[in-house]
Amino acid sequence: MKFGVRILPKKGFLDPQGRAVEALLKEQHKTLNTVHVGKWIEVQVNEKDAVKAFKAVEQMAMEVLANPMTESFEVEKLES
Amino acid sequence: MEAQLKKYRISSAELDLIRAQLGRDPEGVEWALYSALWSEHCSYKSSRRHLKKFAGTLKAGSQGGENAGLIDLGKDEKVIFKMESHNHPSFIEPFHGAATGVGGILRDIFTMGARPIALADFLCFGDQPTDKMKSLYKGVVKGISHYGNCVGVPTTQGITNFHPAYQKNILVNAMAVGLLEKGQPMISSKPLKKKSLIVYVGSKTGRDGVHGAAMASESFGQDLTSKKPNIQIGDPYFEKLLIEACLSVAKENLIECMQDMGAAGLTSSSFEMAAQGQIGFDINLDLVPQREADMEPEEILLSESQERMLLLCDETNLTGVQKHFAKYGLEAVKIGDTDPSRTDVKLMWHGKILTRMEPKHLVDNAPMYDRPYERKANAVQSEKKPAPWPHPALREWIYRQYDQRVGTRTVRTASQSSAFMILPSGRTLGVALGCDPWLTNEDARTGAFDAFMRPFLNLTIKGATPKGLTDCMNFGNPEKPFVMAQFVDSVETFTELGKLLSVPVVSGNVSFYNETEGENIPPTPAVGIIGLAETTSLPFDELKSASKQVYLVKMPLEKLIEQKENLPEITDSLRNWVTENKPASAKLLSRRTWRESLISLCSERSLILEKSWEKQLDFPTDLYSIVFSVKDEASANSLKAWGQKTGFAVELLGTAAPGSQLRVQTQDILAFKDWRSAGRKSLEAWGL
Amino acid sequence: MKPIGVLTFPGTNCDEDVFKWAGHLGNEPKWISGQDHFEPKDYEALLIPGGFSYGDYLRCGALAARSPAMEDVRRFAQAGGFVLGICNGFQILCESGLLPGALVRNEGGLFRDDFVQLRVTNYFKIFPHLSDDKIVRIPIAHGEGRYTVDPQELKKLQDEGQVWLSYADNPNGSLGDIAGISNENKNVFGLMPHPERAYQPWMDSEDGRFFQWKLSSKNIV
């Protein structure tokens, strides 16, 4: 089963990457408002039970893929 | 009321003091002001009484009392430096904690108009490579590397200690050194007695670290997750822009004074400036640039968002200041005015006055405790076994992640015991660190003596004259008399040696409450000494091709302590021997066995020891053992003469030869490459 | 002789070092702000220093490559002018498409500060002191120095003699041990090591002096 993990800086925390990209892009695209930079990680697991698989990926995200202190994440099931 | 006191971390005795000052209870934002400024971290309430003793070490050409200390080296070269701790945040989030520690110490330097030219780190970890400790070790180094490299300041020196007592409470101290450009006067944080604009520059204010200063002043309990504050995120790229903008307005003489917003952010910088200048401040909190919507005044006051400065300028210079900052994409916003006709600070929110407070209540008259201290007889039996200083591979793993040469001032890197940076005059500035918990844990006084003397000697044996000292006093809970005694002993030792050896203590930091589950860290007064050498031709630690005869000088620690009054003469004459005889190498040996300490000299040359050494190789090196490679008979004789005069043993250790082995006559003892491979094991144990 | 343009972007931190080095070698360096346009005809050559332009955010050199001055650097290069990109400068040139390939994270994922031995693998008249097979000792300091390019392109680079520097002992996993490459026209050069950190007697190596360029009429714009 395939999952996507979307990781972004936690709301309220400084996003240095977003800030720098936003500043440059704004000069070239006047309609731009904000930019936030994060990660998209695709994970495949050998688990037939969708609930179990989802929980497993959530745990991976919590423990390794994201830093829960500074980042927020969302797990999404993907089409294989 | 109790809940209020707990929330703002104010004791009931302190509440009484506040009531005496104000004639009433604190109201509204005043709670936040007292909470921040009366925290240990900001007020130094447990340490101030004793830190005043350092003033006795100051002399002409040195200056304390500002954000960082200043030493005038002559030839229009002034150096500004300081060390600071970021222990608690680094334990919680090592990468960001260490990174923002670097950011913070850099701001203390460039807020005075000096360009940062070098960084150094002092780290203490537990010695058990548990998963937690491994992640702390890797995270801290990565954080320092990330911030220092990006901001463009080389981290050219460091000490890393591994000791069981830090397993639950690591230490991360960062030191920065800056240079005032020729003709650039130091920028003070003291306002002039005139009407000026209060200008906020740098990053927007968010909710980072609200209540952070109070957090840093507390010990850790079992439940670490509850100490999930908003972690401060630093941006070294932004700081680089801030450095250039601040230095350019300083250079153009557009500003009157400047202070960085560090612990307790806007609160500490504004109240401390107002207290220093004894001048009224009118601040409109709603004008502060905000990153988040709907921020409350209290949040704005307590925010620890990084990369922000507060400066004062004349109203005719505001446009100029804004132009310079705009060049770097930074904001410079007027948030208030000063008023020389009064002395209180008025905080306003959309025209409404939140409070009028005399800064002297919060700053000058912050509690200054006279905590009881009582030395505890140490139960620890110290056998003469080698202090388990780690394999140098662990240290090398660290400094290889730090850019050593950005700025092209680096003459000697972190691979050496002292770093050296070239100055515009062609002279070199040395940086050496000290403090060994294996000694301080046995006896605070002796440990403090060593914390001062090891870096002092490290600079001396390279031919540099130590010129100034900064310290980071890391201790446990000051409410415990034995901890307070350790602190007082360390302060008094540095004061005594500083006076004796003409090394003023010009800046520093105190980190108390390094206590976890009732266990206190050993006294850890970290020291950073800067020194001046007249040349770039400095001895290396290791033997070089010019090395021929190798001599060992033994300066027993107990003897140095006994003969304190002779230290100036002893060390001056040793330094003179070095500058006159130019040894190719000079090294104060590490605290391992002789075998392990001597092999590190053999990266480029073999050292062939005299036969008598065979039996001694597994014994620990004596404190202090110094190895010089001497280039000729005359130098050897004058070193021996020095030994005779001062009463220290000077003996022939061996000779240098082509190769890279430690040998006793013809017998190989250890090859440098095998010693390097042994380092692999240490690295593997740490998951590196 | 027209001045040598030294580009600087927000976050570039080796600019002063490169400026000093260029001057020391006998050139007349002049600052060019990366955020403004400049007239290519005003310069003899262009240097792009190392550092962390725009914090290395998004990708190293990505944002700098898209700033105003790079359009003029492109015009200068297309007209045959000499451009040298050092470290982040090399990354910026790759992101701009002025050099093939890309620089990615070091193998092992760690920033690496060290001295390395480089082998000169192609002689260019423009670098008269760097003869074929010469070994020079220059420092590196980077976290994203691993050169990568698709295999067909790699073969072309090697066959066309566009690889001018290789690591004697690969410190970062670069494909083909590549430390420096040039474009097809041999007027744009990039290298990861820092010659501006090795040219004074006290700098532990003076081999950075060998990177002084000598321009021919071909390179004057």
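1. Polar contacts between chain B and chain A. The rule finds 4 residue pairs in polar contact across the interface of chain B and chain A, both residues of a pair being at pLDDT 80 or more. A polar contact is a pair of N or O atoms within 3.5 Å; within protein, one must be able to donate a hydrogen and the other to accept it, and residues adjacent in sequence count only if both atoms are side-chain atoms. By class, the side of chain B that touches chain A holds 7 charged, 5 nonpolar and 4 polar residues. Here Ala, Val, Leu, Ile, Met, Phe, Trp, Tyr, Cys and Pro count as nonpolar, Asp, Glu, Lys and Arg as charged, and the others, Gly among them, as polar.

2. Basis of the values. This is a predicted model, in which local features need pLDDT of at least 70 and side-chain atom pairs count only at pLDDT 80 or more, while totals for chains, interfaces and linings use all residues; side-chain values use heavy atoms, with hydrogens and water left out. Residues are numbered from 1 along each chain as its sequence is written, and chains are lettered from A in the order in which they are written.

3. Extent of the interface of chain B and chain A. Chain B gives 16 residues to the contact and chain A gives 9 residues, where contact means heavy atoms within 4.5 Å. About 1100 Å² is buried between the two chains, 61% of it on carbon and sulfur atoms; buried area is the accessible area (1.4 Å probe) that two parts lose on being put together, summed over both. The count of salt bridges between chain B and chain A is 1, a salt bridge being a side-chain nitrogen of Lys or Arg within 4 Å of a carboxyl oxygen of Asp or Glu. Asp235(B) pairs with Arg19(A) in a salt bridge, with the closest N and O atoms 2.8 Å apart.

4. Chain C against chain B. Here 26 residues of chain C are in contact with 28 residues of chain B. The two chains bury about 2100 Å² between them, 55% of it on carbon and sulfur atoms. On the chain C side, Phe111(C), Asp113(C) and Trp202(C) lose the most area to chain B, together 33% of what that side buries.

5. Arg197(C) forms a salt bridge with Asp403(B), with 2.8 Å between the closest N and O atoms. Helix 1 (15-24), strand 6 (112-120) and strand 7 (135-142) of chain C each give two or more residues to the side that touches chain B. Strand 6 of chain C gives the most, with 4 residues. Helices (H or I, at least four residues) and strands (E, at least two) are DSSP runs, numbered from the N terminus.

6. Chain A. Chain A has 2 helices and 3 strands, in the order β-α-β-α-β along the sequence. Its radius of gyration is 16 Å, well over the 12 Å that the globule rule gives for 80 residues, so chain A is more spread out than a compact globule. The radius is taken over C-alpha atoms, and the globule rule is 2.2 Å times the number of residues to the power 0.38. The C-alpha trace of chain A spans about 50 × 30 × 15 Å along its principal axes.
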